[in-house]
Amino acid sequence: MNFEHFYTVNSDFPNRYISPEKLFSYLQTNLNDYIQEIGKSYLDKPIYKLSIGTGKINVLAWSQMHGNESNATHAMLDLLKSLESAHDLKDELFSKISLDFIFMLNPDGSEKWTRLNASEIDLNRDFHNEASKEIKFLKNLATSKKFDYALNLHEQRTIFTTDGIHPATLSFLAPSENVERTVTENRKKCMAVIANIYTHLKELIPNQIGRYSDEFYPTSTGDNFIKAGMPTILFEGGHFVDDYSRKETRKYYTIALYYALKAISELNSDTRGWEIYQEIPENQETHYDIIYRNVKLNTEHECILDIAVQYREIYENGKDDISFIPFVMEAGEVKRKGWLEVDCTGKRYISDAKYPKLDAEINFKIQD
């Protein structure tokens, strides 16, 4: 059985940007029997937990800890929509597990499309300080009962590949519990689940599944949860070629989420097959969004160089979706590759400035 055949987009949320108010309204209208408000954000927005399932295996998951990472929210919405037409799969899955899913842990950052919350705190680095309201709600829920697994759901930038060629459309991690990166039993439990996801998806998106660095981060949520004894699996949704709207990533993120929950229901804390995790290639930082090659600047002396550009995602009030603003990241002999490479040999560089300004919006055009 390939879950891809059941995949259905939740058409109420067609864009990468999800308005918190639209999400809240949808949850109240369509999932009111399953949701509960667990707190309010810094700007007094509700934070909802969805609880579904009657099984003995308890799973905790959360989306949009970083406000500009909406794929996991989409994936949960799409998963629920997909399971509406797959009753047997739904009944089997949720008879074995009980899932508590926090939608949009950081609604203030989600509204502004920012990584940080409204008090400019990175929730994923606030585990010990507890300077944010939102991290306290997550930690309180995590200690409210014994969770057998946790899913820490994120997105990653377009810079990552699995092999220097293919984008890391999905990456996973069984986080370390210590600086030595010891492969503990809890890490093996995570690795076994990830191995199961990898086995199912590697045929659907070959060479596009990566393994995130297992460097130990002493202030991060996932590392501390697993250190405290709760197996915690990191998801990272990434780039798919020519898909900055991440519709393809969203699809495979949803499928991966299903197979994660299915593996959890079947493994039930077993570690069989964990070794396959080691076969997954580790992420490489190899790409920019655009590289203009062989650009001849308008200087007194001949100057030919490469200009690397990366999009910044910006949300402007009132718009339905985010905008992609190109910024100059590097100029010179650029070693990285570009998802789009433009050979500027024989073309005109048009700009009011002699040189491209780094870390600024592009101020030039290339004409034939």
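Colleague: Which side chain does Arg 181 meet in a salt bridge?

Modeller: Let's start with the general idea. Side chains of opposite charge can pair when their charged atoms come close. In this predicted model, the partner of Arg 181 is Asp 214, at 2.9 Å from N to O. Arg 181 sits in the loop between β7 (170–173) and α6 (185–201), while Asp 214 sits in the loop between β8 (209–211) and α7 (221–227), so the pair ties together parts that are 33 residues apart in sequence.

Colleague: How many salt bridges does a search of the whole structure find?

Modeller: The search finds 27. Let me show you two more pairs. Asp 122 forms a salt bridge with Arg 115, and their closest N and O atoms are 3.2 Å apart. Asp 122 is buried at 15% relative accessibility, whereas Arg 115 is partly exposed at 37%. Lys 139 forms a salt bridge with Glu 130, with the closest N and O atoms 2.7 Å apart. Here Lys 139 is buried at 17%, and Glu 130 is partly exposed at 29%.

Colleague: Which residues are linked in a network of salt bridges?

Modeller: Arg 16, Glu 155, Arg 246 and Glu 313 are linked in that way.

Colleague: You mentioned Glu 130. What is its phi, and where does the residue lie?

Modeller: Glu 130 has a positive phi of about 50 degrees, although it is not a glycine. Its place is the loop between α4 (107–112) and α5 (133–142). Asp 242 is another residue to look at: its phi is positive, about 60 degrees, and it is not a glycine either. Asp 242 belongs to the loop between β9 (232–237) and α8 (247–267). With a relative accessibility of 72%, Asp 242 counts as exposed, while Glu 130, at 29%, counts as partly exposed.

Colleague: Let's turn to a helix. How many residues does α6 have, and how far does it reach?

Modeller: An α-helix has 3.6 residues a turn, so residues three or four places apart point the same way. In this model α6 has 17 residues and reaches 24 Å from its first C-alpha to its last, close to the 24 Å expected at 1.5 Å a residue. The helix is mostly covered, with 13 of its 17 residues buried.

Colleague: And the cysteines: how many disulfides does the structure hold?

Modeller: A disulfide is a covalent bond between the sulfur atoms of two cysteines. This structure holds zero disulfides. Take Cys 344, which is in no disulfide: the nearest cysteine sulfur belongs to Cys 303 and is 13 Å away. Cys 344 counts as buried because its relative accessibility is 2%. Cys 190 is also buried, at 0%.

Colleague: What is the volume of the largest pocket, and which residues lie nearest its centre?

Modeller: Its volume is about 1,000 Å³. The lining has 43 residues, of which Glu 69, Arg 115, Glu 155, Gln 156 and Arg 157 lie nearest the centre. The elements giving two or more residues to the lining of the largest pocket are β5 (149–155), α7, β9, β10 (284–285), β11 (287–296), β12 and β13. The largest share, four residues, comes from β12.

Colleague: Where is Lys 319, relative to β12?

Modeller: Lys 319 is in the loop between β12 (304–314) and β13 (323–332). At 40% relative accessibility, Lys 319 counts as partly exposed.

Colleague: Last one. Which residues does the "domain: Peptidase M14" annotation cover?

Modeller: According to the unreviewed UniProt entry, that annotation covers residues 13–284. Over residues 13–284 the chain is 35% helix and 18% strand, and the end C-alpha atoms are 31 Å apart.

Note on methods:
Residues numbered from 1 in each chain as written. Predicted model: local features only at pLDDT ≥ 70, side-chain atom pairs only at ≥ 80, totals over all residues. Heavy atoms only, no water. Buried < 20%, exposed > 50% of the residue type's maximum accessible area, 1.4 Å probe, protein only. Salt bridge = Lys/Arg side-chain N within 4 Å of Asp/Glu carboxyl O. UniProt positions renumbered as here; feature names shortened; annotations may be inferred. Expected span 1.5 Å × (residues − 1). Disulfide = S-S within 2.5 Å. 1 Å grid on protein atoms, 1.4 Å probe; cavity = no way out; pocket = protein on both sides within 12 Å on 5 of 7 lines; lining within 4 Å. Points joined across faces, edges and corners; volume = space filled by probe spheres on them.
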